[in-house]
Amino acid sequence: MTSSAPIIQSPKTECKAERQPRKAAALVLGVETSCDETAVAVVKRLPDGSGAILSNVVRSQWEQHRPFGGVVPEIAARAHIECISDIASEALKTANTQLTDIDCIAATAGPGLIGGLLVGLTFAKSIALAHDKPLVAINHLEAHALTVGLTDSIRPPYLLLLVSGGHTQTVLVRDVADYHRIGSTIDDALGEAFDKTAKILSLGFPGGPAVEAAALNGDPQRFAFPRPLQGRKEPHFSFAGLKTAVRREAERQQPINDQTIADLTASFEAAVCDSVIDRVKLAHRMAVVEIGEPDALPIVVSGGVAANKRLRSALEKFATTIDVPAIFPPISLCTDNGAMIAWAGAERFARGPLAGGLDTSARARWPLDESAAPIIGTGKHGPKA
Ligand code: KG4
Ligand code: ZN
């Protein structure tokens with residue numbers, strides 16, 4: 001019996017192993033297809049570690065998913081296939097460059113919806129092979145974690161609060177590729193709680209921005225929703241109970257009017273802010289002890305929910321009380337985009353040797369801190385990490 005060789009052989013086009021960071025500037029093409037955005041970007045990383053976005057093309061699939069009230073994996077994968085090539089061409093054209101000038105191709109390999117991941121990763125592998133370029137497979141969470149290096153030149157160490165549709169974690173980012181998860185959600189991710197709240201109140205899709213818009217004229221004190229896990233010694237998060245409390249209150253308020261919807265969403269956001277700040281405060285204390293640095297450890301907030309203005313200002317206010325900087329990527333780079341993938345690729349490419357090249361498979365689940373024990377509780381994509 002002969003052993004089967006991988007269909008795509010990697011060694012020739014892998015980055016050569018190097019111990020030292022590369023000195024030259026690098027042009028990286030980043031491909032993101034893990035959920036409902038097809039995104040390609042070109043980013044330049046300079047030898048001093050700074051970066052610049054030369055193009056960042058994002059095509060959202062919201063219109064295709066809206067009739068279903070959420071992301072439909074099969075529709076997402078098909079929509080990525082239909083436009084990935086055009087989006088990549090547009091990204092190269094906007095950046096005024098071509099594939100021959102690109103030094104490295106980066107693509108999200110997980111975590112996310114497997115169909116979409118396969119589309120983007122296979123597309124990236126194909127062009128890497130065809131143009132003899134190195135490929136680096138990127139963890140989507142790492143890309144969110146490192147975005148502030150591109151946008152604000154922030155270098156580790158820092159405490160990361162990652163709040164997206166699938167994840168809610170505090171992570172001590174010690175360095176690129178060196179992550180220690182401190183806290184995680186035991187049930188719903190924060191973005192999921194926003195999306196479900198929007199669904200309960202029939203606010204449409206995507207839920208987070210809809211809740212934020214509805215809450216603008218609301219009274220955040222009208223409904224005293226629970227502040228999940230507030231004061232608890234474990235640095236974790238929980239949002240399932242809060243979502244249920246919103247559902248019960250919405251049922252009590254029937255027939256519901258616009259002002260009540262505004263008050264419910266504002267009160268929901270207020271409970272989210274109090275709970276998140278309490279959890280971040282604890283995680284920050286733990287991170288400072290772990291890293292053994294008396295100096296201010298910055299708090300970096302990333303992921304789609306970091307676009308929420310009430311949460312941003314609450315976290316900013318909290319950070320001033322403990323005298324540390326709070327850093328958020330610009331709102332357009334909080335939600336999924338190709339620039340963050342290209343940047344994570346550039347950071348890894350600059351360091352070499354690359355882990356995860358052409359022979360990397362797409363992974364629906366891929367914890368940022370692989371050594372962290374799974375947290376009790378399961379979501380629709382399996383145990384939370
Ligand atoms: O990072 P992201 O774009 O995709 C994932 O990696 O999951 O995050 C998407 C999540 C969704 O749950 C969406 O409702 C939420 O981020 N989101 C928001 C806002 N914008 C996006 N949540 C609250 N307020 C927002 N303005
Ligand atoms: Zn994301």
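**Ground rules.** I worked on a predicted model, where local features need pLDDT of at least 70, side-chain atom pairs count only at pLDDT 80 or more, and totals for chains, interfaces and linings use all residues. Residues are numbered from 1 along each chain as its sequence is written, chains are lettered from A and ligands numbered from 1 in the order in which they are written, and side-chain values use heavy atoms, with hydrogens and water left out.

**Domains.** I looked up the division of the protein chain: domain 1 covers 21-150 + 334-359, and domain 2 covers 155-328. The bounds come from an automatic or database domain assignment. Their C-alpha centres lie 27 Å apart. The contact (heavy atoms within 4.5 Å) takes 25 residues from domain 1 and 19 residues from domain 2.

**Sheet S3-S2-S1-S4-S5.** I noted that helices (H or I, at least four residues) and strands (E, at least two) are DSSP runs, numbered from the N terminus. Two strands pair if DSSP finds at least two bridges between them. This open sheet has 5 strands and mixed pairing. S3 (51-60) and S5 (135-139) stand at the edges with a single partner strand each, so one side of each has no neighbour in the sheet. Neighbouring strands are turned by 20° against each other on average, direction ignored. I then checked S1 (residues 26-32) and S4 (residues 104-110): they pair in the parallel sense over 4 bridges. Gly30 stands opposite Ala106 in S4.

Next I looked at what packs on this sheet. Axes are lines fitted to C-alpha atoms, for helices over the stretch in contact; angles run from 0 to 180 degrees between N-to-C directions. H2 (residues 73-94) touches S1, S2 (37-45) and S3, and its direction makes about 25° with that of S2. H4 (residues 140-151) touches S1, S2, S3, S4 and S5, and makes about 100° with S5.

**Sheet S8-S7-S6-S9-S10.** I found another open sheet of 5 strands with mixed pairing. S8 (178-184) and S10 (326-327) stand at its edges, each with a single partner strand, so one side of each lacks a neighbour in the sheet. S6 (residues 158-163) and S7 (residues 168-175) pair in the antiparallel sense over 6 bridges. Leu161 stands opposite Thr170 in S7.

**Helices H5 and H6.** I checked the axes of H5 (residues 190-200) and H6 (residues 207-215): they come within 7 Å and cross at roughly 65°. That makes H5 roughly perpendicular to H6 (65 to 115 degrees). Phe194, Asp195, Thr197 and Ala198 in H5 meet Gly207, Gly208 and Val211 in H6.

Definitions and conventions. Angles under 35 degrees count as roughly parallel, over 145 as roughly antiparallel, 65 to 115 as roughly perpendicular and the rest as oblique.
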